[in-house]
Amino acid sequence: MRIIANGIPLLSPRSGVGNYVYQLFKSMQYSKGVWDITFYYGVQWGKRLKDRPVEPYVSARKFVQRLGKAYPIYRATLDFLFVFGQLRRKFELYHETNYIPMHFNGPIVLTVFDLSFHLFPATHPAKRIRYMERYFYPRLNRASHYITISEATKQEMVKYLNLPPKKITVTPLGMEAHFKPVPVAFLNPVLSKYGLKPGSYILYIGTLEPRKNIINLLRAYATLPTRLREQYPLVLGGGMGWLMETLDMQIQKLGIQSSTIKTGYLPGGDLPALYSGAAVFVFPSLYEGFGLPPLEAMACGTPVITSNVSSLPEVVGEAGVQVHPEDVGRLAAEIEDLITDPARRALLSQKGLERAKQFSWERCAALTLDVYDRVVQGK
């Protein structure tokens, strides 16, 4: 059976959606089945799963984004090319991997990662909210079945989008094989680039944006005793997102500029070592559709403190410390307790390693293929 999958997220440097598309279909290639997958890349269609950005597309997209009002033309062009390309091809199923389904005369499987734009619109740029209002909601009912990546998001889709539960399948994300504990002897070549020592820093990894609750993390860190801040700098790993122009001002206001390190965008190859070398990983996000960074940290044997909201409890289970994202005092207390209690850190490290084994891209692929089978068979 032949399927179209939207591969456009693979044309840009891989973010969350792009990584999902790549890992999912890479794992499907090793699955036994009767599916013949073609990827839609806008001006191109192909069988090959692209594993690196396409620079002309990246440049063109940046140009369109700068123009602002040209985006509807860009979107209409993608839709037209999608319909036109089907005139010479026959498909039984279309998997829209990124929220906005195009026109297809047949069953559509739609992946919805989270509803942050619906529940927390203030944490997104206004133009992104306008985009979802224009394209997501009106096209939502084109889908025959929906895939999401956590039970929490499924329940939100039922509650806020009025979708029947039987039409939504949860396919938890997986863990890439290179996320594993890095021996101490191999940590220094990576950590030295950031001025870090093994076991002597507190780590956050993710885009620095309002939804990630960075300001409350800074406030919690600022309340730690001075001697602990001197011994354990706070490392903010990731690129700057929107509405974070005042981050440096907040750091200075709290008096923690000497012990706070911003790394900027991190190469993927550095992440296992950065996770493995941290005393504790802290991820106090306000909302996540899944939350891969805590899972990556656990897979590297690092104790995790995260939020007790949205999908994050599903990810960490009893292997991580869960704190309400607005409870700055409790967050600070848990950080201090962990960095001063090696026995507790060791226990959480072992629990995290076991927990991470429960998540795999092979399972995500198998669950997705099962959805394809059920949808085509009309079940």
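**Entry 1: helix 1 and helix 16**

I began with helix 1 (residues 16–28) and helix 16 (residues 361–376), whose axes come within 8 Å and cross at roughly 80 degrees; I took helices (H or I, at least four residues) and strands (E, at least two) as DSSP runs numbered from the N terminus. Axes are lines fitted to C-alpha atoms, for helices over the stretch in contact, and angles run from 0 to 180 degrees between N-to-C directions. Helix 1 and helix 16 are therefore roughly perpendicular to each other, the classes being under 35 degrees for roughly parallel, over 145 for roughly antiparallel, 65 to 115 for roughly perpendicular and oblique for the rest. On the helix 1 side I noted Asn-19, Tyr-20, Gln-23, Leu-24, Phe-25, Ser-27 and Met-28 in the contact, and on the helix 16 side Trp-361, Glu-362, Cys-364, Ala-365, Thr-368, Leu-369 and Tyr-372, where contact means heavy atoms within 4.5 Å. The residues of this contact divide into 9 nonpolar, 4 polar and 1 charged, with Ala, Val, Leu, Ile, Met, Phe, Trp, Tyr, Cys and Pro counted as nonpolar, Asp, Glu, Lys and Arg as charged, and the others, Gly among them, as polar.

I note for the record that this is a predicted model, in which local features need pLDDT of at least 70 and side-chain atom pairs count only at pLDDT 80 or more, while totals for chains, interfaces and linings use all residues. Residues are numbered from 1 along each chain as its sequence is written, and side-chain values use heavy atoms, with hydrogens and water left out.

I then followed an open sheet of 7 strands in the order 3-2-1-4-5-6-7, with mixed pairing; two strands pair if DSSP finds at least two bridges between them. Strand 3 (45–46) and strand 7 (168–170) stand at the edges with a single partner strand each, so one side of each has no neighbour in the sheet. Strand 4 (residues 93–96) pairs with strand 5 (residues 108–111) in the parallel sense over 3 bridges, and I found Glu-96 opposite Leu-110 of strand 5. Helix 6 (residues 151–161) lies across strand 6 (145–148) and strand 7, running at about 165 degrees to strand 7.

Next I looked up an open sheet of 6 strands, ordered 10-9-8-11-12-13 and parallel in its pairing. Its edge strands, strand 10 (260–264) and strand 13 (321–323), each pair on one side only, and the twist averages 25 degrees from one strand to the next. Strand 12 (residues 304–307) and strand 13 pair in the parallel sense over 3 bridges, with Val-323 of strand 13 as the bridge partner of Ser-307. Helix 14 packs on this sheet, touching strand 8 (202–205), strand 11 (280–283), strand 12 and strand 13, and its direction makes about 160 degrees with that of strand 13.

I also checked helix 14 (residues 328–339) against helix 15 (residues 342–356), which pack at an angle of about 100 degrees with their axes 6 Å apart. Glu-334, Asp-337, Leu-338 and Ile-339 of helix 14 meet Arg-344, Arg-345 and Leu-348 of helix 15, a contact with 3 nonpolar, no polar and 4 charged residues.
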